[in-house]
Amino acid sequence: MSQLDVLLITPPSRLEVYQKLSGEYAAIEPPVWSSLIAKYLMNKNFEVKILDAEAENMTHEKTAEKILKENPLLAVYMIYGQQPSASTQCMPGGNKTANLVNEKSNQEISSIVIGTHASSLPSRTLLEEPYTFVCQGEGPITVEELLKTLKKGSKDFTKIPGLWYRENDEIKKNKSAPIFENLDNTLSGQAWELLDLSKYKAHNWHTFGKLETRNKYASLQTSLGCPFKCTFCCINAPFERNTIRFWSPKYIINQIKILVEDYGICNIKIPDEMFVLNPKQVTEICDEIINSGYGEKLNFWAYARIDTLEDNEMLKKMTKAGFKW
């Protein structure tokens, strides 16, 4: 049996972050970035699995045992919170899990950490955290090139874009990986088939009046980045510049169709940092949803800023398309 190429890991954080609220009240979020990177790597013919310890209600110890059992060539720790730019509060969960894996495997499983915290503070993350590598950037290209290098048995990491690593106790930084421009072609879907979608749960307020539907829930990414330059926010740390890129409305409705028809999903979160920004994009997405007949079946929520909500016709279409929050 060939060794698994890559395991994309969501470490346990919910129990510690939300404490007593983590049971009945807190949502369990599908790992959007894990599913995007997984699909990208699958399209490159790598053998990929996702381990979502949050959805599986695993402890750090059980998560480490599962990682050891899968024995991937590369363990990828995906550290993202429920809010797009938040990941720092989830770093302790990754730290505990990775330390356990390192201890039990005698450091034999190579690891890399990806997330807004790691991209914001790559050098500090490499110094303070127990990972072999740190990714500064979106991740797919960095992981792909690192896998190619590891599969060859090479220790020459100098040409892997977006990679931070140690060499003779010295921290090394490579050039940045290019960000994806045509998202339809380069990040062509989320790997729903690698997730047990029945284990995810919407926020209770998202399903007020229909709390029995909380487990019919998914998160669908429709854009990356943000054009604003708020000094308090790190959302653009993985993207290097203040910009926003969109998947096409046709792509988005195809993903919604998969969720509705194949998985019975009715509650959808749009985790984009700024979904309600471009009236043309939003209106075209709403038109696709309305024309498909899904508008009455779906219950969306999405992020906006108050100064992006001035187009009344767009807001009317959003309501008709199922955007309630």
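**Loops, salt bridges and a pocket**

Y25 is found in the loop that joins helix α1 (14-18) to α2; helices (H or I, at least four residues) and strands (E, at least two) are DSSP runs, numbered from the N terminus. The model is predicted, so that local features need pLDDT of at least 70 and side-chain atom pairs count only at pLDDT 80 or more, while totals for chains, interfaces and linings use all residues. Residues are numbered from 1 along each chain as its sequence is written, and side-chain values use heavy atoms, with hydrogens and water left out.

With a relative accessible area of 44%, Y25 is partly exposed; buried means under 20% relative accessible area, exposed over 50%, and partly exposed in between (1.4 Å probe, protein chains only). Accessible areas come from the Shrake-Rupley method with a 1.4 Å probe, and for residues only the protein chains shown count as cover. Together with V17, Y18 and L21, Y25 makes a nonpolar surface patch of about 360 Å². Patches consist of residues with over 30% relative accessible area and no salt bridge, with like charges joined within 9 Å and nonpolar side chains (Val, Leu, Ile, Met, Phe, Trp, Tyr) within 5 Å.

Side chains of opposite charge can pair when their charged atoms come close. A salt bridge is counted where a side-chain nitrogen of Lys or Arg lies within 4 Å of a carboxyl oxygen of Asp or Glu, and the count comes to 18 salt bridges. One of them joins the side chains of K39 and E193, at 2.9 Å from N to O. K39 belongs to helix α2 (residues 32-43) and E193 to the loop between α8 (183-186) and β8 (217-219), so the pair ties together parts that are 154 residues apart in sequence. K39 is buried at 17% relative accessibility, whereas E193 is partly exposed at 44%.

K148 is partly exposed at 37% relative accessibility, while E144 is buried at 7%. R305 pairs with D307, with 2.9 Å between the closest N and O atoms. R305 is partly exposed at 29%, and D307 is partly exposed at 40%. K49, K66 and E70 are linked in a network of salt bridges.

Two asparagines have positive phi values. N71, in the loop between α3 (60-70) and β3 (74-78), has a phi near 50 degrees and is partly exposed at 37% relative accessible area. For N168, phi is about 55 degrees; N168 sits in the loop between β6 (163-167) and β7 (170-173) and is exposed at 76%.

The largest pocket holds about 250 Å³ of space. Of its 17 lining residues, C226, C230, C233, I235 and E273 are the closest to its centre. On a 1 Å grid over the protein atoms alone, a pocket is an open set of points with protein on both sides within 12 Å along at least five of seven lines, and lining residues have an atom within 4 Å of a point. Grid points are joined across faces, edges and corners, and a volume is the space filled by probe spheres set on the points. The lining divides into 11 nonpolar, three polar and three charged residues, where Ala, Val, Leu, Ile, Met, Phe, Trp, Tyr, Cys and Pro count as nonpolar, Asp, Glu, Lys and Arg as charged, and the others, Gly among them, as polar.

Key
On a 1 Å grid over the protein atoms alone, a cavity is a set of points where a 1.4 Å probe fits but cannot get out, and a pocket is an open set with protein on both sides within 12 Å along at least five of seven lines; lining residues have an atom within 4 Å of a point.
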